[in-house]
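Thanks for coming. I will take this one feature by feature, and the sequence and structure go up on the screen now.

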Amino acid sequence: MVARPRSRLKGEWVAGYLFLLPSFLSVVVFLLFPLGMGVAVSFTEWSTLQAPKFIGLANYDHLIHDQRVGISLLNTAYYALLLVPLDLVLPLLLALAMNQKIKGIVAFRTFFFMPVVTSMVAVALIWRWLYNSEYGLLNTLLYGLGLQPVGWLTEPAWAMPSIVLMTAWKGAGYNMILYLAGLQGISEQYYEAAKIDGANGFEQFRYITVPALTPTMFFILVMTLIGAFQVFDSVYMMTGGGPGTATLTVVYHIYNNAFQTFSMGYAAAIAWLLFGIIFLITFVQIKVGRSWVQY
Amino acid sequence: MIGFSSRRAFLRGVALLAGATAVVPLLQACGGAPATPTTAAAPTVAPAAKPTEAPKPAATTAPAAATSPTAAAKPTEAVKPAAQPTAAAKPAAAAEGTIRYTFWAAKEEADVMGKVAEGLMKKNPKIKVNLEHNPKDYWTKLQAGYAAGAAPDVMWINDNNMPNYASENSLEDLGPFISGDAEFKLGQLTPSVVQAFQFQGKHYGLPWGYSTYTIYYNKKLFADAGVQTPTEQRKAGKWTFETFLDTATKLTKGEGPAKVYGFAFENWEPIWHSFLVANKGGIITDDGKLILDSPESVETLQWLADLRNKLKVSPTIESMSQVGSSDLFMAGRVAMTIYGTWQVPVFRNITAFDWDIEIMPTGKQQGTLADGIMNSISVQSKAKEAAWEFVKYAVSEEGQKLIATLGEAIPSHAGVAESTAWLDPKTKPSNKQAFTESLAFAKWAAKTPKRTKIAPIVGQTVNDLWLGKKTAAEVVAKIKEDTKSILGS
């Protein structure tokens with residue numbers, strides 16, 4: 001009598017692990033193992049064409065002296081700095097507008113969400129035409145207003161802001177949905193109570209909506225920063241890191257080393273540096289986040 | 001070694017890392033990483049599809065022949081199926097099996113490569129050729145194939161990338177095949193082209209076609225302006241940098257949409273490199289020494305930049321950000337431009353005016369650049385005999401006649417290059433000999449793997465010169481500084 005439940009328990013134990021196995025294996029095969037490989041590769045010189053050669057810390061030594069690592073880090077930080085406020089504020093405004101009870105609101109929400117599900121390649125191709133310095137829509141508008149046309153992607157000072165603008169446009173719909181979910185989670189009662197206390201629209205927004213949305217903002221901030229430090233596809237499509245090194249980001253520099261100059265080991269070393277930086281930033285955010293996230 | 005259970009897993013690790021490691025967006029980042037097929041218009045492939053002229057890290061590593069946009073330039077003369085070789089082909093006993101053949105090619109080229117493969121399969125039914133057409137991210141995929149131990153049997157390698165692949169022991173030395181095959185005569189191929197594709201004395205592939213950089217000009221604009229064409233100037237014995245500039249100045253006129261420039265050039269390295277060679281300059285030597293800092297190189301770079309920014313006979317980087325000199329030429333908005341032979345099929349679509357080509361103007365010497373593509377066999381191949389049959393067939397008279405119809409590359413088979421299969425008087429340009437003539441004084445990409453390693457730095461830095469933000473001396477000094485770690489000082 002004592003043995004039966006135990007054997008049933010044992011059977012469940014096995015079944016449990018069997019259910020776990022597929023995801024566990026995929027984590028091991030596609031994440032943990034490659035991560036380990038990545039560490040190993042960073043200590044080698046490897047062109048991918050023949051077996052890697054162990055060279056100790058030489059890649060990391062090169063990394064310290066590589067001017068382009070510094071340039072690409074600064075460029076990436078600049079990108080993040082420009083993108084984060086846009087990613088926080090624009091979608092919030094959109095969400096507030098999309099939270100109205102008007103006819104056809106679902107259609108509007110869909111429109112704003114569409115860029116999110118569009119592939120970056122398609123988006124970048126269209127935006128390159130918008131940015132075209134001679135025939136582009138933006139310069140045609142500027143010209144019509146009697147202003148000087150801008151070399152959106154060809155002028156070093158403008159190239160990065162141009163990429164940021166496109167990325168913010170593309171991503172706005174996603175964050176809008178996050179904000180919308182947050183907004184709809186705020187109970188009507190707070191607003192009713194505030195009205196009775198005589199709070200005007202702005203005060204309601206400032207003291208009810210914003211604090212209630214801080215967890216959403218925190219999530220967006222963390223994800224935007226992580227995404228910003230990994231920016232690659234838009235740069236690859238729009239400027240190829242140029243003009244000059246104006247949009248050379250860290251991941252683009254990794255790509256250059258891995259696939260243009262056959263230095264896979266060095267590329268892995270830069271990738272680990274990037275990992276460290278992202279880890280540190282996220283760690284700090286989570287620590288600091290406790291002080292301003294309200295719920 | 002480090003003890004990876006498989007090279008495939010090893011590679012995957014790097015691919016993940018390249019996408020940069022962090023929590024959730026990891027996979028997302030990898031999705032956007034270069035190896036995915038979703039990224040169209042890759043810088044590594046077609047400079048024509050490239051974002052800005054700015055960095056062109058690709059132009060240097062980019063397969064030259066792939067730069068031409070797909071344009072339906074149908075050869076006027078239909079391909080005559082070459083008569084069956086007189087002597088019955090005696091394929092070696094071991095030459096059988098299935099081989100994978102990969103190339104980047106535009107569509108028309110891919111069709112011709114398909115015909116070459118069909119030709120061989122007809123000749124030798126024991127061999128099956130599977131085509132793997134990779135117009136996007138060619139080199140990335142090839143690298144990944146090698147790392148996974150699954151590289152194709154036969155592949156295109158251009159002169160540009162040849163030193164990397166040859167020095168890494170990834171290409172089969174064809175020496176034994178060449179000497180062991182009585183049917184094959186290396187002497188039939190143009191010797192200097194074969195030489196250009198040799199690395200440290202060994203044959204790591206056989207070139208099926210090559211191209212030289214020449215001046216393309218719009219005959220109508222010259223006639224309208226009453227200016228001597230480059231061909232006329234050359235005949236008169238005065239086709240130099242000075243008369244070139246003079247010509248470009250005379251042909252520059254108009255304002256706004258009617259503006260016509262005398263000359264337009266892309267920012268791709270091989271384009272300006274051609275001018276450097278014609279003025280006794282260069283970028284790097286075969287033994288990896290920088291010569292971009294020679295007085296001749298600096299002088300030529302400044303001269304080219306001045307054409308744009310000071311003398312204004314060439315459109316600026318701004319106005320060329322999305323339209324290449326190819327588009328401007330086809331629209332009749334520039335009188336002269338420079339490209340390799342591979343531009344011919346594109347320009348054959350021009351109906352509004354007549355055009356022709358001429359060799360590069362003479363600077364301190366006669367010179368230009370040549371580039372080309374060879375078929376190579378992977379060391380990983382398990383059907384090397386069959387692969388050799390294919391490589392051999394592609395440079396045979398039969399295969400080369402198919403290739404000649406493209407007009408995109410000069411056949412490496414000397415006989416075919418001199419025959420009407422290539423020099424067809426019915427097709428443009430009429431001065432096709434200028435392509436083959438240029439070969440005599442053309443330079444090829446330096447045979448050092450360091451060349452592609454410095455290419456991104458050169459491309460990124462030289463951009464400031466085209467923008468008019470820095471002088472040639474300044475950008476060259478910067479390039480010298482930044483490439484020290486690669487080239488040594």
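I start with B:Glu481, which at 48% relative accessibility counts as partly exposed. The cut-offs are these: buried is under 20% relative accessible area, exposed is over 50%, and partly exposed is in between, with a 1.4 Å probe and protein chains only. B:Glu481 forms a salt bridge with B:Lys484, and the closest N and O atoms are 3.8 Å apart. B:Lys484 is also partly exposed, with a relative accessible area of 39%. A salt bridge here is a side-chain nitrogen of Lys or Arg within 4 Å of a carboxyl oxygen of Asp or Glu.

Before I go on, the ground rules. This is a predicted model, in which local features need pLDDT of at least 70 and side-chain atom pairs count only at pLDDT 80 or more, while totals for chains, interfaces and linings use all residues. Residues are numbered from 1 along each chain as its sequence is written, chains are lettered from A and ligands numbered from 1 in the order in which they are written, and side-chain values use heavy atoms, with hydrogens and water left out.

Back to the salt bridges. Over all chains the structure holds 23 of them. One joins the side chains of B:Asp181 and B:Lys392, at 2.8 Å from N to O. B:Asp181 sits in the loop between α7 (175-180) and α8 (191-196) of chain B and B:Lys392 in helix α16 (residues 384-394), so this pair ties together parts that are 211 residues apart in sequence. For the element names, helices (H or I, at least four residues) and strands (E, at least two) are DSSP runs, numbered from the N terminus.

Are the two partners buried or exposed? B:Asp181 is buried at 13%, and B:Lys392 is buried at 7%.

Another salt bridge is between B:Asp246 and B:Lys250, at 3.4 Å from N to O. These two are four residues apart in helix α11 (residues 241-251) of chain B, which means they are separated by about one helical turn. B:Asp246 is partly exposed at 39%, and B:Lys250 is partly exposed at 47%.

Next, B:Thr212. It is in strand β6 (residues 206-212) of chain B and is buried, with a relative accessible area of 0%. A polar atom of the B:Thr212 side chain lies 2.9 Å from the backbone oxygen of B:Phe435. Leaving out residues up to four places away in sequence, B:Thr212 touches, among others, B:Tyr339, B:Leu369, B:Ile410 and B:Phe435; contact means heavy atoms within 4.5 Å.

That brings us to aromatic pairs. Rings of Phe, Tyr and Trp (its six-membered ring) pair if their centres lie within 6.5 Å; planes under 30 degrees apart count as stacked, over 60 as edge-to-face and the rest as tilted. By this rule there are 56 aromatic pairs over all chains. One of them is A:Trp152 with A:Trp158, which is edge-to-face at 5.1 Å centre to centre and 65° between the planes. A:Trp152 is buried at 12%, whereas A:Trp158 is partly exposed at 37%.

B:Phe435 has a ring partner too: its centre is 6.5 Å from that of B:Trp422 and the planes are at 50°, so the pair is tilted. B:Trp422 lies in the loop between α18 and α19 of chain B and B:Phe435 in helix α19, so the pair ties together parts that are 13 residues apart in sequence. Both are buried, B:Trp422 at 3% and B:Phe435 at 0%.

The loop between α18 (414-418) and α19 (433-439) also holds B:Pro429. The peptide bond from B:Lys428 to B:Pro429 is cis, with omega near -5°.

Now the backbone elsewhere. B:Asp137 has a positive phi of about 50° although it is not a glycine. B:Asp137 is in the loop between β2 (127-133) and α5 (138-147) of chain B, and is buried at 1%.

Last, helix α20 (residues 450-466) of chain B. Where does α20(B) bend? The bend is about 30°, at B:Pro456, taken as the angle between axes fitted to the seven residues ending there and the seven starting there. Just after α20(B), B:Gly468 takes a positive phi of about 80°.

Methods. Polar contact = N/O pair within 3.5 Å; in protein donor to acceptor, adjacent residues only side chain to side chain.
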